[in-house]
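Here is a friendly note to read alongside the model. Keep the 3D view open and find each residue as you go.

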Amino acid sequence: MTLTLRTTAHCEIGLVRKTNQDSGYVSSTVLLVADGMGGAAGGDIASALVIRDLYAMPPIAVAGPLVLDALKRAVTRANADLARLVARNPDLDGMGTTICGGIFDGHAMNIVHIGDSRGYILTGQTMRRITHDHSYVQSLIDEGRLDERQAMNHPHRSLLLRVLNGQAEVNPDYLSCDVEAGNRLMFCSDGLCGMVDDVVIAAALNLPDPKEAMNTLVKLAYAAGGSDNITILIADVVDEDETGDADQPVPTADEADAGAPDSDAPTTTDDTTELAVESTVQDVLLSPEFVSSGLLGAAADPAIISLLESLNAPKSEESTNDVSDDDTTTLKSAGHRQVRDRKENQRYNPSGRRSRTGVILIVLAVLVVLGGAGWGVYAYVSSQYYVGDDEGHVAIYQGLPGTVAGISTSRLFETTDISLKDLPLSWSEKVSQTIPMNEGGLSQARDTVKELQSKSIQCLTDRAQRPLDAPAPADGC
């Protein structure tokens with residue numbers, strides 16, 4: 001039995017974002033999704049560059065560990081290229097990308113994964129998640145502090161602990177997933193899996209026709225708000241001997257970098273749909289024809305392709321670290337056009353007010369997990385505040401609730417004399433579970449404390465006025 005993949009892919013901007021920072025590549029042997037990020041820096045450039053380096057790998061006719069070793073070398077190369085691009089143009093500092101997908105060797109899917117894009121496998125009617133998110137909310141799930149449904153609505157659900165960003169230390173997951181005829185694989189960006197529950201995704205993925213499944217999945221992402229770029233790759237594992245499908249060869253590195261025309265090479269396909277913010281599910285009619293091979297999203301953008309090709313331009317030894325005026329202009333325009341959407345800044349390298357006093361615990365916690373990538377997240381973590389319990393009293397904390405790798409990511413900032421026993425039960429429980437300040441920071445936290453103080457005074461007043469023999473009310477006051 002000779003197994004191959006029958007693929008269906010879709011990549012688009014979504015209903016809210018102004019740019020598509022997702023990239024992808026799909027063929028009968030390679031499935032890759034990259035979700036770029038970085039605020040004002042070029043997330044689209046980062047995702048496209050990594051996809052280029054991975055899909056340009058030469059064909060591999062071996063299975064198992066050797067494929068994973070080749071993937072590791074390609075990821076190392078891509079990470080070095082990201083570092084080189086940032087060194088050439090500091091305006092791109094802070095860009096990064098997730099990567100999820102890999103190479104099918106005829107028996108197993110050999111996968112690289114970093115970030116919160118996801119891989120799934122459907123066996124029979126049962127869907128299983130292959131990858132494990134590298135995100136803050138996933139760490140809370142692992143510790144039992146959140147369930148999957150709560151995580152989808154958490155204010156910090158987009159905070160990533162690991163991405164590919166050119167830093168010296170990166171730690172992707174590498175794994176092999178055995179497959180058999182009849183299985184269905186799916187890789188997607190969080191424009192789908194971050195918006196739609198796995199149970200709902202599984203129901204759509206079970207639709208027999210992969211195009212109908214794709215159409216349904218995209219509509220589900222729309223119905224959930226469509227607030228992020230959406231990239232979905234579906235691959236049915238089929239017996240090539242029975243179907244007669246021919247395996248499409250993967251381009252060699254030389255062919256890909258040189259851009260040489262080749263009738264057997266995958267075509268570059270721009271499958272990005274421009275949608276207005278006010279678009280609704282009813283307004284959008286998806287094409288029944290989806291991409292079966294080629295580049296997707298930012299990786300198919302001609303301007304970005306041209307920029308990435310310039311990386312391979314020969315340079316003299318004296319000018320290795322220099323960049324032409326044209327390159328500088330292209331890079332700056334590619335990076336600065338992201339500034340229009342301030343919501344993008346909350347993805348990987350968020351900006352925010354920094355409070356440097358006493359944030360050593362936060363810095364250590366983040367740096368332990370992220371290594372050299374910690375400073376972008378440090379600025380974000382140190383600007384966050386929440387109201388919580390300090391030995392039975394209301395207190396303000398700086399940072400994020402919970403721990404990462406067993407280390408606290410917050411510190412006690414201000415204490416109060418408000419006892420949780422003097423609050424209505426509903427509010428006492430809220431404080432015990434922590435009350436995050438989604439936007440207002442320290443000012444919002446102090447306003448919350450004032451509100452709790454008012455409720456405490458009212459609660460104490462009610463108790464003083466209640467007859468001694470009267471039953472305690474349901475709210476505890």
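1. Lysine 430 lies over the face of tryptophan 427, at 4.3 Å from the ring centre. Another case to look up is lysine 72, which lies over the face of tyrosine 174 at 5.3 Å from the ring centre. Please keep in mind that this is a predicted model.

2. Next, turn to helix α1, which covers residues 43-55 and has 13 residues. From first C-alpha to last, α1 reaches 18 Å, close to the 18 Å expected at 1.5 Å a residue. How many of its residues are buried? The count is 13 of 13, and α1 is described as mostly covered.

3. Now for the aromatic rings. A pair of rings is described by the distance of the centres and the angle of the planes. The structure holds three aromatic pairs. In one of them, the rings of tyrosine 25 and tyrosine 55 have centres 4.6 Å apart and planes at 25 degrees, so the pair is stacked. This pair links distant parts of the chain, with tyrosine 25 in strand β2 (residues 22-26) and tyrosine 55 in helix α1, 30 residues apart. Both tyrosine 25 and tyrosine 55 are buried.

4. Look also at tyrosine 386 and tyrosine 397. Their ring centres are 5.1 Å apart and their planes are at 5 degrees, so this pair is stacked. Tyrosine 386 is in strand β13 (residues 385-390) and tyrosine 397 in strand β14 (residues 393-404), so the pair ties together parts that are eleven residues apart in sequence. Tyrosine 386 and tyrosine 397 are both buried.

5. The loop between β13 and β14 deserves a look of its own, as glutamate 391 lies there. Most residues other than glycine have a negative phi. Glutamate 391, however, has a positive phi of about 50 degrees although it is not a glycine. Is glutamate 391 buried or exposed? Its relative accessibility is 78%, so glutamate 391 counts as exposed. Threonine 434 also has a positive phi, near 80 degrees, and its place is in the loop between α14 (425-433) and β16 (435-436). Threonine 434 is partly exposed, with a relative accessible area of 21%.

6. What about the interior? In soluble globular proteins, nonpolar side chains tend to be buried together. The largest nonpolar core here has 37 residues, and Val50, Ile51, Met95 and Ile99 touch the most other members. Elements that each supply at least two residues of this core include β3 (30-37), α1, β5 (99-104) and α10 (302-310). Helix α2 gives the most to the core, with ten residues. To see the packing, select isoleucine 51: among the residues it touches are Tyr25, Leu32, Val33, Ile99 and Leu295.

7. Apart from that core lies another, of 24 residues, among them Leu122, Met127, Ala221 and Ile232. Alanine 221 is found in helix α7 (residues 210-223). With 0% relative accessibility, alanine 221 counts as buried. Its contacts beyond four places away in sequence are Gly191, Leu192, Val196, Gly226 and Ile230.

8. Finally, the charges. Side chains of opposite charge can pair when their charged atoms come close. A search of the whole structure finds 14 salt bridges. One of them joins aspartate 228 and arginine 17, with the closest N and O atoms 3.4 Å apart. Aspartate 228 is in the loop between α7 and β11 (230-239) and arginine 17 in the loop between β1 (3-12) and β2, so the pair ties together parts that are 211 residues apart in sequence. Aspartate 228 counts as buried at 9% relative accessibility, and arginine 17 counts as buried at 16%.

9. A further salt bridge joins aspartate 53 and arginine 77, whose closest N and O atoms are 3.8 Å apart. Aspartate 53 lies in helix α1 and arginine 77 in helix α2, so the pair ties together parts that are 24 residues apart in sequence. Aspartate 53 counts as buried at 1% relative accessibility, whereas arginine 77 counts as partly exposed at 31%.

Technical notes. Residues are numbered from 1 along each chain as its sequence is written. This is a predicted model: local features need pLDDT of at least 70, side-chain atom pairs count only at pLDDT 80 or more; totals for chains, interfaces and linings use all residues. Side-chain values use heavy atoms; hydrogens and water are left out. Helices (H or I, at least four residues) and strands (E, at least two) are DSSP runs, numbered from the N terminus. The expected span of a helix is 1.5 Å times one less than its number of residues. Buried means under 20% relative accessible area, exposed over 50%, partly exposed in between (1.4 Å probe, protein chains only). Rings of Phe, Tyr and Trp (its six-membered ring) pair if their centres lie within 6.5 Å; planes under 30 degrees apart count as stacked, over 60 as edge-to-face and the rest as tilted. A charge sits over a ring if NZ of Lys or CZ of Arg is within 6 Å of the ring centre and within 35 degrees of the ring normal. Contact means heavy atoms within 4.5 Å. A nonpolar core is a set of buried Ala, Val, Leu, Ile, Met, Phe, Trp, Tyr and Cys residues joined through side-chain atoms within 4.5 Å. A salt bridge is a side-chain nitrogen of Lys or Arg within 4 Å of a carboxyl oxygen of Asp or Glu.
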